[in-house]
Amino acid sequence: DSQIDEWIGNWKIINPSERITITLAGLKERNLLEICRNKLILYMVARVYNDELLEARQYTKAYVYKCFFDWTINGKFREDVDYTSDSYSGSTEHSKETYRRILQDIALVISQNSTNEIIDVKLLKEKLSEFQRQEIDSEIFDFTQHLFTRHFFSTQKNGHQMYVEFSHKSLREYIYAEKIFFHLRDICSGKELIDQIGEWYQFGRNQRLSKEVFAFLEEMLTVLSVDDLLKIDRQMFLRSSVLLVANGTFKKYIDKISDNDKSILNISESYYRSLVLSVMAGIINHICYNLIQEKYPDRISEAKIINCEMIYKICDYYLGMSTLYFAMYPIFLQFVKYIQIFEKDIANVQYIDMNLRCLEIVDGKLLRGIIQKTEIERVNLINAEFSIMKFSHVEFNSGAIEACRFESCMFDCVVFRNITFRNVHFDLIREGNVEFQNCTFEDTTIGHYLKSEQEQLIKLDGEVSISL
């Protein structure tokens, strides 16, 4: 707290001519103190404190970023001497939307064409003109004012070349997430894939999608109604489970769209982009499903959820193509909270570093896979079989396991907590690898328990807490 208070004091000293009302007490009163421990967010809050964030509520990082960009686009950032709110094209409602789209496209271009956050201005202008379908106003690219002085851009010159970057990558990630959100919002208004194919296809070129982008997007989606979330959920389910290129869908859309849209479609990259889009849609589908489950559980039966194994099989199949697509699979898993497997045999799954709210398998089988560094709030396993699976650092925290078999499985630091076992068979457990805490057993056996090179059969019944 003292560091924040000191920063505010320094802020007032270097801005003596401004009306500064931000105080440590005020941050506490408006529930902003915790989020302002991040210095970038503290700076943003200080800038908009007099105009935005006026109520006491639970503020998020994404909300503060949105307020800051709303504030700057509305013309309230006075960085250069001659600036007035009417001196650039962002002063009308129509141009504010265009201006925001330009910011979003800058984030998209940098995400797609730069490996280190920085991009040649000439290339940036060229790509922006393609996305905006028109020549970009040269005034906007005046680096002494307007866009580049108000949105945390940094510029540098190398010989005759000028380069630009967001001064902090989280700003690019937020604006890029906002571009995705605008695309999804259009789905809510009734647009189909055929109406969005040009823009949707552009998302597929991104090789640098991060967990942070989708975390920002998740916060944005929380404001939507359940009906809108269901529309996006269903559309992303379809886009995730159907590869545009592999089944000819892409060619069908290409034949229908205008020549203007075709100009930004690189056919040579179509397989790779289809793969990226499949994962991206899968992540968004899971985000929407999770939000519906948590906020509107009475409507969850209307939602669709793409199963992990579908995405995994796509990744696994194309891994031989040496693309970077497979690297997106761990990001996908970060947003999977519910796994449902019904009447399926799934091979080679890799559920790693996850935090699941529910794992439900009914009349299904998992074989030759890995579940690792994963915590599961609730399990519902009925007539399920696990064969040649590795469980490492896994916690099962509640639920029921009934009529299940664990054959030739390896266990390492596995905890079953508050679980009811009925008619369950473990083929093999080695000493020191499994712990049962407050579990209830009925007709449960461990066929081979290995302890000090001795092997024994163990039967478990009643309420038991035991380390094996």
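Helix H8 is mostly covered, with 18 of its 20 residues buried. Buried means under 20% relative accessible area, exposed means over 50%, and partly exposed lies in between (1.4 Å probe, protein chains only). This is a predicted model: local features need pLDDT of at least 70, side-chain atom pairs count only at pLDDT 80 or more, and totals for chains, interfaces and linings use all residues. Residues are numbered from 1 along each chain as its sequence is written, and side-chain values use heavy atoms, with hydrogens and water left out.

**The chain**

- The chain has 16 helices and 17 strands. Both are DSSP runs numbered from the N terminus: helices are H or I with at least four residues, strands are E with at least two.
- Buried residues account for 53% of the 468 residues in the chain.
- Of the contacts between residues at least 6 apart in sequence, 47% join residues at least 24 apart. Contact means heavy atoms within 4.5 Å.

**Helix H8 itself**

- H8 spans 29 Å from its first C-alpha to its last, close to the 28 Å expected at 1.5 Å a residue. The expected span is 1.5 Å times one less than the number of residues.
- Just after H8, glycine 190 takes a positive phi of about 110 degrees.

**H8 against H9**

- The axes of H8 (residues 169–188) and H9 (residues 193–203) come within 11 Å and cross at roughly 150 degrees. That makes the two helices roughly antiparallel.
- Axes are lines fitted to C-alpha atoms, for helices over the stretch in contact, and angles run from 0 to 180 degrees between N-to-C directions. Angles under 35 degrees count as roughly parallel, over 145 as roughly antiparallel, 65 to 115 as roughly perpendicular, and the rest as oblique.
- H8 passes H9 in a left-handed crossing. Left-handed means that the near helix is turned anticlockwise from the far one by less than a right angle; clockwise would be right-handed.
- H8 contributes Tyr176, Lys179, Ile180, His183, Asp186 and Ile187 to the contact, and H9 contributes Gln196, Glu199, Trp200 and Phe203.
- By class, this contact of H8 with H9 has five nonpolar, two polar and three charged residues. Ala, Val, Leu, Ile, Met, Phe, Trp, Tyr, Cys and Pro count as nonpolar, Asp, Glu, Lys and Arg as charged, and the others, Gly among them, as polar.

**H8 against H11**

- The axes of H8 and H11 (residues 226–241) come within 9 Å and cross at roughly 105 degrees. The two helices are therefore roughly perpendicular.
- His183, Leu184, Ile187 and Cys188 of H8 meet Asp228, Lys231, Ile232, Gln235, Met236 and Arg239 of H11.
- The contact of H8 with H11 divides into five nonpolar, two polar and three charged residues.
- H11 has 16 residues and reaches 22 Å from first C-alpha to last, close to the 22 Å expected.
- The buried residues of H11 include Leu229, Ile232, Gln235, Met236 and Arg239.

**Serine 111**

- Serine 111 sits in helix H5 (residues 93–113). It is buried, at 2% relative accessibility.
- Leaving aside residues up to four places away in sequence, serine 111 touches Arg172, Tyr176, Asn206 and Arg208.

- Aspartate 363 has a positive phi of about 55 degrees although it is not a glycine. It lies in the loop between strands S7 (358–362) and S8 (365–367).
- Asparagine 418 has a positive phi near 55 degrees. Its loop joins strands S14 (410–417) and S15 (419–430). Asparagine 418 is partly exposed at 41% relative accessibility.
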